[in-house]
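Biologist: I would like to learn how to read the features of a model. Could you take me through one, step by step?

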Amino acid sequence: MFARKAVFICIVIHIFCGVNSQHRFGCEADFCTKKVGKCPKVNCENGRLIRNATMCGCCDVCVESLREGEPCKTQIFASMPKQECGNGLMCDKTSKKCVSVNTKCVKDRRKHDSTSWSEEISLKKSRPECDEFGYYISMICLSDILCYCVDKNGERIFGTELASKIDASQIHTYCNCSWEFNEFPRSVPDGDFLRCLPNGDYDRLQCTEEWCYCMQDTNPNIADVTQFDTSLQNLICYDKNIHKGLDASFRSECWHKRNDLKQLIKKHEKANITVIGVDLPRCDLDGSYAPVQCMKDSCYCVDKSGDAYEDYRVPRNSKEAEYMNCNCARDQDLISQIKEKNGQMKTFEKYKCAANGNYQAKDLL
């Protein structure tokens, strides 16, 4: 996501500077035809074509892709570079040559490719897919069971979906909401972020302090709007299967319980009464209860409705609680709700999670 943000920022800066440059250099409507004339034909079979890249956006430019071992430059004092290291490569500052990136994703992929897999392994991760900067793309799949969102270093973040519902050819397009939140964390669930779906994508239905609205899949313009205090069911993007637990203000049960406790604590503090030993519910990016909850002297796993899995409860000050994520318990619960299960799902249902609801580290390959 950092790479996506960096590219976005660079594009914005480039456009902003380009607009200023056009004003500064007098880019009138007929500048290209009068001053430049016909642009040279660009052959870009081995490179990246950038449209309207010259002064006033007159002509296209081809940036040649260099191969591994070819000489490169780390600093270019020009408006547009003529060469760049190809995908999966970077310009080494010492040797001034294109070398393979050595990120965690690249290392993990190399390890995956060199591993001899046994048919007995039921928790095999999919082959890591890296972007052009060497970072993990948005999702990893666990056999043919389920897929979950990961950050750029391959660490699991919010968002899980059944593998059967994921289009492998478009896997890089998933988890945008959870990626955004992971790169730019905000407090949850105080309403200062766009709500995610359980799979890590953005929910089309969103609310501000005054209005609720539908986001278009391909167009950011508002398609349908209703006042904050009216029924969400009036919106075309309302889905009873997704939004049934939300009130007219788009707030979940978890949010209300958390907010009520916060207000109560604040009231006591104003009266100079110190409040100790109160555990606020932890809420997730879709408004549901977060997998790990703690109360008094223990931490335990819960489902999205906040109901505890009693098999997964550990002492609060233990090492198990420190690294507790309940991913295994949650994933098994998701699979248990599927009526028609494949062989791997049936095997996975019998898998024994760790005492804290995590996967057994030795089994998750």
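Biologist: Which helix lies across β7 and β8, running at about 175° to β8?

Modeller: Helix α4 (residues 176-183) does. This is a predicted model, where local features need pLDDT of at least 70 and side-chain atom pairs 80 or more, while totals for chains, interfaces and linings use all residues. Residues are numbered from 1 along each chain as its sequence is written, and side-chain values use heavy atoms, without hydrogens and water. Helices (H or I, at least four residues) and strands (E, at least two) are DSSP runs numbered from the N terminus; contact means heavy atoms within 4.5 Å. Axes are lines fitted to C-alpha atoms, for helices over the stretch in contact, with angles from 0 to 180 degrees between N-to-C directions. Helix α8 (residues 327-336) also lies across β7 and β8, at about 15° to β8.

Biologist: What is the order of the strands in the open sheet?

Modeller: Strands of a sheet pair through backbone hydrogen bonds, either parallel or antiparallel. Here the order is β6-β7-β8, with antiparallel pairing; two strands pair if DSSP finds at least two bridges between them. β6 (139-142) and β8 (156-162) are at the edges with a single partner strand each, so one side of each has no neighbour in the sheet. Neighbouring strands are turned by 25° against each other on average, direction ignored.

Biologist: Over how many bridges do β6 and β7 pair?

Modeller: β6 and β7 (residues 146-150) pair over four bridges, in the antiparallel sense. L142 stands opposite L146 in β7.
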